[in-house]
Amino acid sequence: MAGRLAKTDTEIALNNTLKGTYHLGETITLQDGTGLAKTKFKVVGFVKSAEFINHNDFGQTSVGTGQLSGFGVTTKRAFSLTEYNLARISYRDTAKLNAYSNAYTKLMNKRQATLLKDLNQHRAAKYQAAKASLSTALINQDTNALDAASVDATLALVEDFLTSHGLTAVREQSTTANHVLVADLNETAPSAPLILLGHLDTVFSVGTAKQRPGVIDGERLTDPV
């Protein structure tokens, strides 16, 4: 709608409804840079997206007021995430079909079944890799219940892991104890909820993980001893 799209990892194009609030050439700083390699961006353009038909509702978020007021488009290099968390897929053989026809529905059901089969081939390996990565990071992170900084560092580690895998994670502030991390997956599902509870504390003093780091021996993961 104005300007251009981002060409570098420090440039960004904002949605057109933010035009007036922000201006071309202005530098903005994001308070929450989770998943991003950069937090400062130069505004180089304003855009519209077919993703958002209603420009008064861009969805919800776990930060700030909880309501999204817009979106931005930047380059792939601006992200620190190693994997995509959203994919847009189109099929050439649906181009001439009516989206409300039985032929379209039948074809898309077939395509979806094939796609799920292909994706599931990689699920087990990715699960084991993610599990090992998180476990290794946790056992090498001090989490002394009497040291709030170490507990907060562990909370941040878990929070980053959960949000990168599609969960909504919110850190609840506490004035009497260490902070609490609450994560939801499929919170709008109609079935009865399944609640998993855990706590973050160890008997090791701060510095133990660095002195005696955990190791992976084959399929065995050993924490500091």
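Predicted model: local features only at pLDDT ≥ 70, side-chain atom pairs only at ≥ 80, totals over all residues.
Student: Okay, why does R171 count as partly exposed?

Tutor: R171 comes out at 25% relative accessibility, which falls between the 20% and 50% limits, so partly exposed is the label.

Student: What makes R171 and E159 a salt bridge?

Tutor: The rule wants a side-chain nitrogen of Lys or Arg within 4 Å of a carboxyl oxygen of Asp or Glu. For R171 and E159, the closest N and O atoms are 2.7 Å apart, so the pair passes. R171 sits in strand β6 (residues 168-172) and E159 in helix α3, so the contact ties together parts twelve residues apart in sequence. Helices (H or I, at least four residues) and strands (E, at least two) are DSSP runs, numbered from the N terminus.

Student: And E159, buried or exposed?

Tutor: Buried: E159 has 18% relative accessibility.

Student: How many salt bridges does that rule give?

Tutor: Three. Another is R111 with D93, whose closest N and O atoms are 2.3 Å apart. That pair links distant parts of the chain, with R111 in helix α1 (residues 102-120) and D93 in the loop between β5 (72-73) and α1, 18 residues apart. R111, at 23%, is partly exposed, and D93, at 38%, is partly exposed too.

Student: How do you know that R4 and E11 form one?

Tutor: Their closest N and O atoms are 2.9 Å apart. R4 is partly exposed at 34%, whereas E11 is buried at 10%.

Student: What makes the lining of the second largest pocket nonpolar, polar or charged?

Tutor: A pocket is an open set of points on a 1 Å grid over the protein atoms alone, with protein on both sides within 12 Å along at least five of seven lines, and lining residues have an atom within 4 Å of a point. Here 26 residues qualify, with L181, A183, I195, L196 and L197 nearest the centre. They split into 18 nonpolar, six polar and two charged. Leu, Ala and Ile count as nonpolar, along with Val, Met, Phe, Trp, Tyr, Cys and Pro; Asp, Glu, Lys and Arg are charged, and the others, Gly among them, polar.

Student: Which element gives the most to that lining?

Tutor: β7, with five residues.

Conventions:
Residues numbered from 1 in each chain as written. Heavy atoms only, no water. 1 Å grid on protein atoms, 1.4 Å probe; cavity = no way out; pocket = protein on both sides within 12 Å on 5 of 7 lines; lining within 4 Å. Buried < 20%, exposed > 50% of the residue type's maximum accessible area, 1.4 Å probe, protein only.
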